[in-house]
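This report covers side-chain pairing and model confidence. The sequence and structure come first.

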Amino acid sequence: MTLSWTSIFTLLCCFSLINNVVCADYGTALTKSLLYFEGQRSGKLPSNQRVTWRGDSGLTDGQNSGIDLVGGYYDAGDNLKLGFPFAFTITMLSWSTIEFREELERQNELENALRAIKWGTDYFIKAHTKPNVLYGEIGDPDSDHQCWQRPEDMTTPRTTYRIDENNPGSDLAAETAAAFASASIAFKSVDKNYASNLLLHATQLFSFANDHQGIYSNSIPQAQKIYSSSGYKDELLWAAAWLHRATNSKSYLDFLGGSGDTGGVRTVFSWDDKFTGAQILAAKLVLEGKVEASGIWVQYKSQAEQFLCSCAQKSSQNVQKTPGGLLWFLPWNNNQYVATATFSMSVYSKYLSSNKASLQCSGGAVTPSDLTSLVRSQVDYILGSNPKRMSYMVGYGSNFPQQIHHRGASIVSIKKDKEIVTCKGGFDEWFDKNAPNPNILEGAIVSSDDKDNYQDIRGDYQLAEPTTATAAPLVGVLAYLA
């Protein structure tokens with residue numbers, strides 16, 4: 001038997017620590033990354049719920065508008081349901097499942113991945129009440145952030161906010177269309193009727209987004225305080241790319257090819273900036289010979305590859321790195337951008353390998369295995385190969401953050417103590433308590449700063465608050481590495 005260098009390295013690191021390197025168990029991390037979504041569930045929990053410290057919550061959501069909006073996911077450590085990052089989360093979970101389906105199946109996690117997607121899409125079906133109406137937010141940020149209560153005890157207003165023809169939100173509608181379209185691909189082989197229903201919602205929402213253009217956070221001003229949108233051109237391209245992949249319809253391909261704005265070379269791929277994602281999907285078409293390798297299609301491919309080259313440190317403008325080697329994008333929850341960058345590199349490595357190609361960067365060629373090595377180094381950092389020798393995934397390894405900024409995790413489970421935690425009482429009794437959270441939110445991801453530092457302080461919502469948009473791309477990355 002001949003061992004690869006990767007196998008030899010893995011064996012070595014299992015026996016010793018070398019330069020802050022720890023032996024990563026990607027399969028275990030993958031399992032925990034999907035458990036995290038069960039910890040974020042809103043609504044009536046199912047009988048197969050595995051995160052047992054959580055209870056039912058948000059059971060009256062939508063009543064003030066006369067509709068049923070029970071379900072979905074809480075965005076982060078608060079009790080808000082926020083459609084814009086939520087839809088991006090479902091798109092990335094779906095993309096993870098589409099690209100790495102076999103890998104998820106081998107790790108016995110495909111069913112859990114599909115459940116995580118469906119918990120989101122079932123909610124979006126409820127929220128999309130008419131072709132040109134979409135409910136995009138539940139809960140008011142000001143009142144929510146003034147309280148520290150577990151979701152099961154919420155006393156804050158569950159105000160509903162929506163977009164419609166008179167109050168448009170092309171970014172929100174198109175991102176939700178992308179979520180529906182990508183999820184339809186993920187479900188096509190297991191539930192054709194459900195997949196067809198998802199695709200119907202996707203096509204309606206894309207038309208709504210394109211025909212009634214506007215920025216959603218102008219129509220839902222409360223969203224400006226937390227997830228304000230910088231524009232909607234990226235979401236329209238992103239949704240068109242997913243709808244083309246789901247339907248193979250020329251109209252969506254023509255939309256992509258006739259956009260006239262490919263976004264340029266981006267510095268991040270995130271819940272607010274999907275240009276890189278759209279560029280990668282377009283580049284896949286070029287690599288597979290499904291579009292001409294000329295004109296706007298070459299622009300898409302070149303811009304996607306320049307982003308990847310900058311991550312691989314083979315560009316004239318490389319992504320910064322921390323002293324410990326983590327890609328550094330922005331100060332607020334940096335690992336959300338590391339997650340999308342590593343996902344981009346993972347899928348592109350797969351695309352290059354399938355088409356026997358490599359990246360030609362200004363600083364030299366980058367092979368698919370080069371991209372995979374970089375992905376592994378970044379994930380290893382998150383899982384403990386860093387100067388603090390701490391896992392930034394909660395519940396993974398023996399040394400991980402104990403005081404993450406998360407209401408449900410930081411307050412004793414309602415299963416253990418049914419006494420209601422009041423809005424202000426939660427701060428006195430739990431938020432200000434310098435002690436480990438009573439509940440472990442397995443799979444939650446937090447972030448270090450640009451100097452590889454992390455202070456385990458519950459009040460540090462900039463670094464210590466996990467989000468669904470961070471975890472979703474890592475599901476695919478971990479499946480790829482596992």
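Aspartate 122 and lysine 118 are four residues apart in helix H5, so about one helical turn separates them. In this predicted model, their side chains form a salt bridge with an N to O distance of 3.0 Å. Aspartate 122 is partly exposed, with a relative accessible area of 30%, and lysine 118 is partly exposed as well, at 31%. Lysine 118 also lies over the face of tyrosine 194, at 4.8 Å from the ring centre.

## Salt bridges between separate parts

The whole structure contains 25 salt bridges. One of them joins lysine 81 to aspartate 61, with the closest N and O atoms 2.8 Å apart. Lysine 81 belongs to strand S1 (residues 81–82) and aspartate 61 to the loop between helix H2 (26–39) and S1, so the pair ties together parts that are 20 residues apart in sequence. Lysine 81 is buried, at 1% relative accessibility; aspartate 61 is buried, also with a relative accessible area of 1%.

Aspartate 68 and lysine 126 form another salt bridge, at 3.2 Å from N to O. Aspartate 68 sits in the loop between H2 and S1, and lysine 126 in helix H5 (residues 110–127), so this pair ties together parts that are 58 residues apart in sequence. Aspartate 68 is partly exposed, with a relative accessible area of 42%, and lysine 126 is partly exposed at 31%. Elsewhere, a network of salt bridges links Glu38, Arg41 and Arg50.

## Aromatic pairs

The search of the whole structure finds 30 aromatic pairs. In one of them, the ring centres of tryptophan 95 and tryptophan 242 are 5.5 Å apart and the planes are at 85 degrees, so the pair is edge-to-face. Tryptophan 95 is in helix H3 (residues 83–99) and tryptophan 242 in helix H10 (residues 233–247), so the contact ties together parts that are 147 residues apart in sequence. Both tryptophan 95 and tryptophan 242 are buried.

Phenylalanine 329 and tyrosine 337 make a tilted pair, 6.3 Å centre to centre with 55 degrees between the planes. Phenylalanine 329 is buried at 12% relative accessible area, and tyrosine 337 is buried at 10%.

One aromatic cluster consists of Phe88, Trp95, Phe100, Trp238, Trp242, Phe269, Phe343 and Tyr480. Lysine 350 lies over the face of phenylalanine 100, at 5.4 Å from the ring centre.

## Confidence

The average pLDDT of the chain is 95, and 95% of the residues score at least 70. Over residues 1–12 the pLDDT is below 50, and this stretch has five contacts in the model beyond near neighbours in sequence. Residues 14–18 also have a pLDDT below 50, with four such contacts beyond near neighbours in sequence.

Note on methods: Residues numbered from 1 in each chain as written. Predicted model: local features only at pLDDT ≥ 70, side-chain atom pairs only at ≥ 80, totals over all residues. Heavy atoms only, no water. Phe/Tyr/Trp six-rings, centres within 6.5 Å; stacked < 30°, edge-to-face > 60°. Helix = DSSP H or I, 4+ residues; strand = E, 2+ residues; numbered from the N terminus. Buried < 20%, exposed > 50% of the residue type's maximum accessible area, 1.4 Å probe, protein only. Lys NZ or Arg CZ within 6 Å of the ring centre and 35° of its normal. pLDDT = per-residue confidence, 0-100. Contact = heavy atoms within 4.5 Å. Salt bridge = Lys/Arg side-chain N within 4 Å of Asp/Glu carboxyl O.
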